[in-house]
Amino acid sequence: MEMCGAIAVLTIDNPPVNAGSHAVRAGLIKALQDAEMRGAKGAVLIGAGRTFVAGSDMREFDDKLRWPELPDVIAALEAVSFPVIAAMHGVALGGGLELALGCDYRIASPGTKLGLPEVSLGFVPGAGGTQRLPRLIGIRRAIAMVCGSERISAEEALDLNLIDMLAGEDLLQAAVDFLSAERRPKRVLRTIEVPREPDTQIEAAAERALHLGRRRPNVVAALELVRRSREPDADRVLAEERATFQRLRRSDEAKALRYLFFAERRAGSVPGLDRAEARPIERAGVIGGGTMGQGITLAFLAAGLTVTLIERDAAALDHALSRIRENLSEQVRKGRISAAEHQAHIFNLHGATDISAVGGCDVAIEAVYEDMAAKRQVVTALESVLAPDALIATNTSYLDIDAMAEGTARPERVLGLHFFSPADIMKLLEIVRAGRTSDAVLATALKLARKLDKKPVVARVAEGFIGNRVYAAYRRRAELLVLDGASPEAVDAAATAFGFAMGPFAVSDLSGLDIAWAMRKRQAATRDPEARYVEIPDLLCEAGRLGRKSGKGWYDYSGGGAKVDPEVDALIDAARARAGVVPRDFDTSTIQQQLLAAIVNEAACLVEDGVAARASDVDVAFVNGYGFPRWRGGPLYWATRQDRTSIECALADLADAVGPGHRAGGVADVLSELDAGTGA
Ligand code: NAI
């Protein structure tokens, strides 16, 4: 604490992100007492370094919290005789924003991000966030920020009345001036009334939040608390908020989500890699403007990059660019980007049919057809037009990146950047470190991932890398279940009941059955003749049932939604008869156990093979790229929470079902390693 005239300046200094730890809380109480003793007329609460307060120190959340807890600090802020202003920059998240809401006034530097992410971490804000926020911005917006963990910018916060002013260059000076300019009275938020809003609007926001939050218990609890901010007895609701927070922060879901939070951070860092080596990326080239190329372009534009898109001819280029522009206009209509952002994106978007147009780019990514010859041709062309230290990336799903880099003069700059569809929406980015990829290139790719707001996972070159390889094992188990007696709809229902966004057969129909069909045909010659083969998907393709795009696949889509089709049942019966299978019954729990066992086993194989550096990377990939329920932490984390005997039984059943050629991974070792890492 320092005095600046009559104003006390309280600086929170807990690198790297000023997380609100016990020491920070105790320090604040002491600083407020000192300020009072020194006769301060006002106080500024500010963060040292690059941010205000990025949240509470979550490592404390598994145990009993020590005094002073955050509500004690906020009570002290409210009790001092002088007004306190929070001066925010960087981010003010979770407990950090609650601290600011405990102050009398708030200002922020332009670009500051504010939010309450507690619900996305499985619990609820516990230091008044659900009660003080609605008093400033109204219940409708508070529902989105609390229940949907929506982050907003300082500019939006000003519009919403969450902050009192945007600061100029000098944040501290602006805060001191704000307090000194007029005699600012104390303004304890807890005591002011919630603004009135039409009930219908509140109900619509509530329904949306419940839907997006999949009606998880903590979402329901958070919603109830925000609604109750209208009650006259604020202290009583604040106490209930605290009790709910204390109960939920130690719930299984909160533990799983905390695990995932740290797993995601680990996945984005590679031990021994020098961050300083990362080079700046401002300009990107995208080769191929199909489904993926368009999505990748949108993702790059959203990150503020200048993008040059290359297509084969003028017609294909026009088509791709107009699809991208339509998408941008749609984002404006839906309020996802502002008119100014839209204008900037259009300005940053370029197209060409000659690959030399990407000459000045820092990175170029190819997203042409999944064909080795086509991709090698593009890589060779890129090599001759790009600067020597520019990155050459491929979005290939399965092809060997080492082979693609072979023969290039500088293979150390070639790597995989495997986006997921839709590339502008899906959070997962697999960064594939090829045999010769340099540390500097990998460091640059990780930095790019952060800039794109993606969740990176680093993989080595292998068929399907991490995600698609594990997914293939999962889908194969699903198909074997159908061959052995389960119906596709029962398998899909079991997967969605477990929490998957979609079942495996609905997913296949959505992405199209022909891609895997082509791959099976390619692999037919080298397939182990002893291995069990499920021919049902081949029969579906032969019958012209390629999925949603042909109106039929595992399901019939002619009426709009997915309908069970007797023609598919007949194909399945025929396949069973030919394979000599006597169909059995599978209950939901067995189906779920088997789907999960297949994932866990394949993940263990991947870790053994060094394709994934750590087991937790598989969790990060499955949650962010394959619709695995986030609140379960990931398939491997889930397995650590089951009793070992049931996992062993499920793995034995998996080995029986897969039959000859089954590879059993070292699941026990992987789960023990994960246990040790998480304290699970
Ligand atoms: P797509 O067929 O929709 O698009 C390919 C585009 O590349 C076409 O527009 C074509 O005109 C263009 N193209 C072909 N050769 C070209 C050349 N020499 N120069 C410039 N443009 C050229 O394919 P999609 O689905 O976008 O896939 C692209 C790549 O991304 C493939 O390697 C695929 O395996 C991979 N991928 C696809 C995913 C998906 O869900 N579709 C997911 C992740 C990766």
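Biologist: Which residues does UniProt list for "domain: 3-hydroxyacyl-CoA dehydrogenase C-terminal"?

Modeller: The model is predicted: local features need pLDDT of at least 70, side-chain atom pairs count only at pLDDT 80 or more, and totals for chains, interfaces and linings use all residues. Residues are numbered from 1 along each chain as its sequence is written, and side-chain values use heavy atoms, with hydrogens and water left out. UniProt positions are given in this numbering, with feature names shortened, and annotations may be inferred rather than shown by experiment. The unreviewed UniProt entry gives this domain as residues 464-557.

Biologist: How far apart do the end C-alpha atoms of residues 464-557 lie?

Modeller: The span is 57% helix and 0% strand, where helices (H or I, at least four residues) and strands (E, at least two) are DSSP runs numbered from the N terminus. Its end C-alpha atoms are separated by 29 Å.

Biologist: Which polar side-chain atom lies 2.7 Å from an oxygen atom of the ligand?

Modeller: A polar contact is a pair of N or O atoms within 3.5 Å; within protein, one must be able to donate a hydrogen and the other to accept it, and residues adjacent in sequence count only if both atoms are side-chain atoms. For arginine 312, a polar side-chain atom is 3.1 Å from a ligand oxygen, and for valine 368 a backbone N or O atom is 3.4 Å from one. The 2.7 Å distance belongs to a polar side-chain atom of serine 397.

Biologist: Which elements give two or more residues to the shell around the ligand?

Modeller: The shell has 21 residues (a heavy atom within 4 Å). The elements asked for are helix 12 (291-302), helix 15 (372-385) and strand 15.

Biologist: Where does proline 422 lie?

Modeller: The peptide bond from serine 421 to proline 422 is cis, with omega near -5°. Proline 422 belongs to the loop between strand 15 (414-419) and strand 16 (428-433).

Biologist: Is arginine 215 buried, partly exposed or exposed?

Modeller: Arginine 215 has a positive phi of about 50° although it is not a glycine, and it sits in the loop between helix 8 and helix 9. Buried means under 20% relative accessible area, exposed over 50%, and partly exposed in between (1.4 Å probe, protein chains only). At 47% relative accessibility, arginine 215 is partly exposed.
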